[in-house]
Every structure is written in structure tokens, then in C-alpha cells.
Amino acid sequence: MKQAQKWLLTGGVALIVAVNAFVLAGVAWNRSGVPGSALTLTQRELSLPYAFGLDGERGGVDVALLWRAPMRDDNAEAAYDMHYGRGPDWLGADKLRELGFDLKEELDAYRQKREVYVVLELAGADWQAALAQAQRRLDRALARGDAEKQDVDAQKSAQEALKYEQHKASRLFAVDAGLDAAALRQRYPDTHRHLIVVATVTPSVMVIDKKTSFSGHIGELAVARISVPHALRGAMDGIDRSALDSGRATFEMDVAWGRRFEPWVTAVRPQRTAPAE
């Protein structure tokens, strides 16, 4: 009996060692060679844990990647649009078919889901369009005047939305998707601005006046949270959560994505005072 227990214990230890070795080998392979993407992101694109700085424990810190889909102009009254809700205009029927979706069975299309490669662009044309859209919203509110309380409220809301877009909203936008990562990289060669990730896409179907239209929704990224390595966690002590939330402090993180499209942090730079506007 003791011999059997000994063999079971030995086998369990060997299995744990083998699993850890497999995981570490995968991490090493992902980080080998030149990173596929290497972006410098800020608190606008990286969300700290909710309890960061409140419980005094920062032994394990993960940051969540914040990204957006381009907001349609017919939704211009909305202050801020993350990746929830309707998909971007470019993710229509033609793109869905290109991604391998069968749209012949209209009622069953929404049940399909698949992983594809998605291109996220940092501070590009879509971000500039979002800034311009927020400015147009403010311009419309100001043009209506302030004769009524609702007009004053609309102006205040539009001003806050513009300020949020200028200083706090994520600048990372989903701009394209495909089944071939190499082909996407050729189309978007700037590895410091264009990030390729793995994410799910789900079609949606809308029928209005007997006319059917399709759009796609980009769901969760395969890896949406990024762990700050132990060697860099000391730099996190320079990040004051209360100052960060109020805009009096900022931080930068250099993040790389490797062969398996998995990210890791390579540098952390906290700034105690935000740059002057």
C-alpha cells in the first residue's frame, strides 16, 4: 500500500513538473524572436484592477486591454462607445463571408461564432474621427443656445464628452479582421501602431421591411488581461490610483505580442503629474 502511494505521489509530482515545463516552453516560444507587435499604451488603453491601491496588496497585478469599435455617426449623441453594441461598419455581410461565415440560413447566422484575427489601431484615423464627432456634438449643442435647462444640460454633457474623448477614452480601435495573420500584417505593417490579436466574431441579423442586413460583433479577445511581471511591479508603486482617476497622474506601459499573439509587459513608466493640457 505504501509503495502504491509512493508511486502515486511520484507520478503526481512528475505530472505537475511536466505541465509547468510545457507552459514555460510555450511562453518562451511566444516571446522568442522579434515581437509581432510592440505598443506603448497608457491608462487610456490599460485598466488597472478595481482594488488597485485600495488594499495595499500589489503582489499580482493584471491590466485589462481597453479597445473600441468605430462609432457610427448616426449614433453621434452617444458620449463614448466601447466594443459592445453594434459592430463597426466594416464588419458587414461581405466581411463576414470573407471570415468564413455562412449567411445563407439567415435565422441561424447569429448562432455562429468563430475566432479570427483582428487588427487594433492605436491613435489612428478612427480615433481622430471620434474626436471630430465629439466636437460636432458640442457644436450642435452650442448652436441650439441655452434658452432651456435641457439645452444647458446638453451643452454640459457634450463638453464633458469631448474632454473625455480628448484625455481619457481609449485610442485603440478595431479596424479590420481576417483569417490570415501574415496577410493582415502586410496590409498593416506598422508594428508600433497596428496590433494583431485573436478575438471572436459573431454575426447578427436584422430584418426591417422584409429587407435583411447582416453585421458582425467583435467579442472578447483570446487574451484580454496582461500580467505585469514581478520584476516590474515595483514601478507600479509610483502609480497613485486617486491621482490617476482624477487625471493628475498617468502611466505608460510597453507591451509586446509574440508568436502566439499573447502579450507581456516589458516596461512600466509612472508619471505623478499629468502633462499640461
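The model is predicted, so local features need pLDDT of at least 70 and side-chain atom pairs count only at pLDDT 80 or more, while totals for chains, interfaces and linings use all residues. Residues are numbered from 1 along each chain as its sequence is written, and side-chain values use heavy atoms, with hydrogens and water left out.

Helices (H or I, at least four residues) and strands (E, at least two) are DSSP runs numbered from the N terminus. Helix H3 takes in residues 125–143, and its 19 residues should span 27 Å at 1.5 Å a residue, which agrees with the 27 Å between its end C-alpha atoms; the expected span is 1.5 Å times one less than the number of residues. Its buried residues are Trp 127, Ala 130, Leu 131, Gln 133, Ala 134, Arg 137, Leu 138 and Ala 141. Seen down the axis of H3, these buried residues fall within an arc of 160 degrees and therefore line one face of the helix, the arc being that of the directions from the helix axis to the C-beta atoms. They pack against helix H4 (149–167) and strand S5 (172–178), with contact meaning heavy atoms within 4.5 Å. After H3 comes Gly 145, whose phi is positive, near 80 degrees.

For H4, too, the 27 Å between the end C-alpha atoms agrees with the 27 Å that its 19 residues should span at 1.5 Å a residue. The buried residues of H4 are Asp 151, Gln 155, Ala 158, Ala 161, Leu 162 and Glu 165. These residues cover an arc of only 130 degrees around the axis, which puts them on the same side of H4, and H3 is included in what covers them. The face of H4 turned away from this buried side carries the exposed residues Lys 149, Lys 156 and Lys 163.

Asp 151, in helix H4, touches Arg 144, Gly 145 and Asp 146, not counting residues up to four places away in sequence. The C-alpha atoms of Asp 151 and Ala 141, ten residues apart along the chain, are separated by 6.9 Å.

| Residue | Relative accessibility | Class |
|---|---|---|
| Ser 37 | 2% | buried |
| Asp 151 | 12% | buried |
| Tyr 117 | 22% | partly exposed |
| Phe 261 | 23% | partly exposed |

Ser 37 belongs to strand S1 (residues 37–42), and its side chain is joined to that of Arg 185 by a polar contact of 2.7 Å. Such a contact is a pair of N or O atoms within 3.5 Å; within protein, one must be able to donate a hydrogen and the other to accept it, and residues adjacent in sequence count only if both atoms are side-chain atoms. Leaving aside neighbours within four places in sequence, the residues in contact with Ser 37 include Thr 191, His 194, Val 255 and Trp 257.

A search of the whole structure finds one aromatic pair. The ring centres of Tyr 117 and Phe 261 are 5.0 Å apart and their planes stand at 50 degrees, so the pair is tilted; rings of Phe, Tyr and Trp (its six-membered ring) pair if their centres lie within 6.5 Å, with planes under 30 degrees apart counted as stacked, over 60 as edge-to-face and the rest as tilted. The pair links distant parts of the chain, 144 residues apart, with Tyr 117 in strand S4 (residues 114–122) and Phe 261 in the loop between strand S9 (250–257) and strand S10 (263–271).

Notes:
Buried means under 20% relative accessible area, exposed over 50%, partly exposed in between (1.4 Å probe, protein chains only).
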